[in-house]
Amino acid sequence: MMTFVANLAIRHKLMLIVMVSTIVALIVAGTVFVVTDRVSIQRAFIQKLEILTAVVGYNCTAAVTFSDKTDAEHILNGLRKEHSVLGAYLYDSTMTLFAGYCWDKQTRHDELIPAINQTIIQGELVAIARPISLDSNRIGTIVLHATAADVFARADRNILIMLLVTVASLLVSALIVGRLQRIVTDPVIHLASVAETVSSRGDYSQRAAAGGRDELGFLTRSFNDMLTQIQIRDAQLQKLTETLEERVHERTRQLELEVVERTRAEASLKVSLVEKEVLLKEIHHRVKNNLQIIDSLLNLQASKITDPQLGAVFSDSQGRVKSMALIHEMLYKSDGLSEINVREYVDSLCKFIMGSGSRSTGRITVVKQLDDVFLGVDVAVPCGLMINELMTNSLKYAFPGHRAGEISIVCRSVDGDMVRLTVADNGIGLPPHFDLKGTSTLGMQLVQSLILQLDGEAVFEGSNCVSVTITFPRVRRKSPTGEPQPVAYVNGAGQ
Amino acid sequence: MNRSTARVLFVILVSVLIGTGAVTAGPEPSEPAVKAAFIYNFAKFVDWPVDSTSGKNADSAIIFGVYGKSAITSELEKTTQGKTVHGRAVVITTPKSASEASKCQVLLFGAIPQSQVVSVLDSLKQNPVLTVSESGSFIDGGGIIQFFMSDGRVRFEVSAQAASRAGLVVSSRLLRLSTPSDKKAGRQ
């Protein structure tokens with residue numbers, strides 16, 4: 001029920017409230033009126049009858065006194081004009097009926113005789129008894145019978161009239177309320193329709209017509225103010241958006257220009273890179289060629305030498321030059337032109353060394369355990385020279401006579417950026433009291449200086465077999481102090 | 001209201017009570033007794049001027065006089081025994097002259113010659129005395145109330161003019177019962 005009322009339109013709600021109030025008020029007023037009316041009508045009727053009885057009784061005094069029945073009946077017959085009177089009866093002092101009047105001459109109600117001065121009401125029937133006195137003596141009694149049917153009918157008619165008036169009042173009230181409620185509802189409905197338009201179309205230029213100085217007027221003005229504020233904010237937002245768009249356009253244009261420039265720079269860089277690569281390749285090629293020329297010159301020179309010791313010096317130098325030339329050859333053949341693979345390099349170097357030292361072929365084998373370690377030219381050159389020196393050294397001294405054995409070369413990548421290189425042989429070992437620092441051979445001096453150049457640490461073992469393990473950074477780094485790293489000596493014996 | 005039931009029940013009672021006029025009960029009172037009662041009751045429907053009563057006292061007795069011999073006298077004495085009129089005692093006298101008669105408030109003429117009646121009435125003309133007589137043409141002679149018989153019932157005629165001349169105020173209720181004696185018939 002409450003939901004139904006809550007969902008009603010505001011004008012119907014107002015109408016309902018006023019009509020319910022009016023109906024209740026009319027019912028209360030009508031009931032009070034009808035009851036009061038009925039009671040007062042009945043009271044007035046009884047009062048009138050009592051007065052009538054008294055008057056008729058008084059008029060009948062002489063007739064009763066002088067026993068003039070004719071006159072008494074004549075007087076009583078005068079009651080015929082009063083339609084509500086059913087009958088009137090005169091009794092003498094002994095309560096014997098003296099004269100009577102009956103409205104239809106046939107019906108009698110003299111069986112209902114109230115006590116003196118009493119009024120009896122039985123339904124619609126009213127019976128009144130009044131004394132007839134003469135000179136302070138009661139000489140008789142008059143009894144009047146009447147019906148209140150007309151009175152009740154009149155009261156009933158009043159109820160009907162009341163109902164009709166109520167209905168008419170309700171209709172008039174409905175008409176008036178229907179008109180007057182617009183004073184309240186019209187501004188509300190107008191405001192609601194404007195709000196609907198604003199909401200559905202997003203049109204904030206709409207304005208509700210301002211009302212008076214009441215709450216509705218205040219509401220309307222506040223609503224309009226709110227719309228104005230929204231419009232102002234919208235305009236500001238619009239302006240900001242436009243500015244933002246302009247800035248975005250501007251920035252995009254700049255970025256596009258930048259991209260074009262960068263693309264151009266990149267292209268020129270690529271061209272330049274290609275040129276540099278070509279150049280680098282060319283340089284490495286030429287260095288290799290030059291080193292090969294040196295090697296060939298040394299070879300030519302060596303062929304003229306008869307002293308085998310001098311020949312060995314030339315051969316060592318040739319080996320050193322060859323090991324460097326091999327690096328440059330691998331560099332210009334590589335993709336990056338800056339790094340070589342240690343595994344490939346050592347393979348090639350071993351082939352060369354074992355090929356040049358043909359005297360040991362067959363009885364000395366080389367065992368290689370090599371990772372794919374890539375080294376720059378600045379590290380690869382000392383590293384290559386060092387392997388060349390150590391292997392040449394092993395071939396020269398570790399297997400005298402026709403002694404067989406093996407040389408193992410292990411290169412591992414350790415601790416991320418460190419490289420551990422081990423060159424070992426299972427030959428005769430180092431001579432007793434071998435002092436590395438004290439050695440005067442060029443090979444071992446070279447090895448020491450190369451270890452320093454590589455910023456590495458070396459471990460020499462030389463009791464039964466000789467093993468040299470060097471740990472150095474894969475990428476050359478400059479020492480902050482520039483001091484050379486120390487070289488560890490495990491065995492103080494030199495070769 | 002259902003009146004048919006009442007109609008059936010009381011139809012006989014109506015015919016008996018109203019049709020036959022069964023008003024009286026017991027032995028019929030004699031004509032002088034009725035007349036005596038009437039005379040006594042007349043006084044109740046008549047007002048006398050205050051200063052005209054004897055001794056000018058409104059509380060003094062009301063004097064009923066019987067002029068000449070009448071059978072009503074003794075009945076009147078019986079009727080008024082110990083009774084009052086308007087709160088005043090009742091006294092019965094038999095005046096012998098017109099001057100005595102003028103002291104009465106009610107004067108009944110008994111069996112006396114007509115000429116004497118006329119002379120007394122003449123002398124009482126200006127006095128507030130309610131004159132009553134049984135003889136015919138009493139009203140014509142200037143009397144106020146005259147008895148006559150009609151259908152075996154005692155009736156009377158009241159002359160309002162004579163009463164007014166005498167300064168008496170007769171109740172309209174009594175005047176209603178006055179019947180013209182010459183017609184000897186009931187009212188219309």
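Mentor: Let us begin with a helix of chain A. What covers the buried residues of α5(A) includes α2 (10–59) and α6 (182–201) of chain A. The model is predicted: local features need pLDDT of at least 70, side-chain atom pairs count only at pLDDT 80 or more, and totals for chains, interfaces and linings use all residues. Residues are numbered from 1 along each chain as its sequence is written, chains are lettered from A and ligands numbered from 1 in the order in which they are written, and side-chain values use heavy atoms, without hydrogens and water.

Trainee: Why is α5 of chain A called a helix, and what span is expected of it?

Mentor: A helix is a DSSP run of H or I with at least four residues, a strand a run of E with at least two, and both are numbered from the N terminus. Helix α5(A), residues 149–180, has 32 residues, so the term applies. The expected span is 1.5 Å times one less than the number of residues.

Trainee: Which residues of α5(A) are called buried?

Mentor: Buried means under 20% relative accessible area, exposed over 50%, and partly exposed in between, with a 1.4 Å probe and protein chains only. Those in α5(A) include V151(A), A155(A), N158(A) and M162(A). An α-helix has 3.6 residues a turn, so residues three or four places apart point the same way.

Trainee: What makes strand β9 of chain A mostly covered?

Mentor: Seven of the 10 residues of β9(A), residues 405–414, are buried.

Trainee: What makes a set of residues a nonpolar core?

Mentor: The members are buried Ala, Val, Leu, Ile, Met, Phe, Trp, Tyr and Cys residues joined through side-chain atoms within 4.5 Å. The largest such core has 65 residues, and those with the most contacts inside it include L76(A) and F42(B). Its largest share, seven residues, comes from helix α2 of chain B, residues 31–44. A second, separate core of 47 residues includes M391(A) and L454(A).

Note on methods: Contact means heavy atoms within 4.5 Å.
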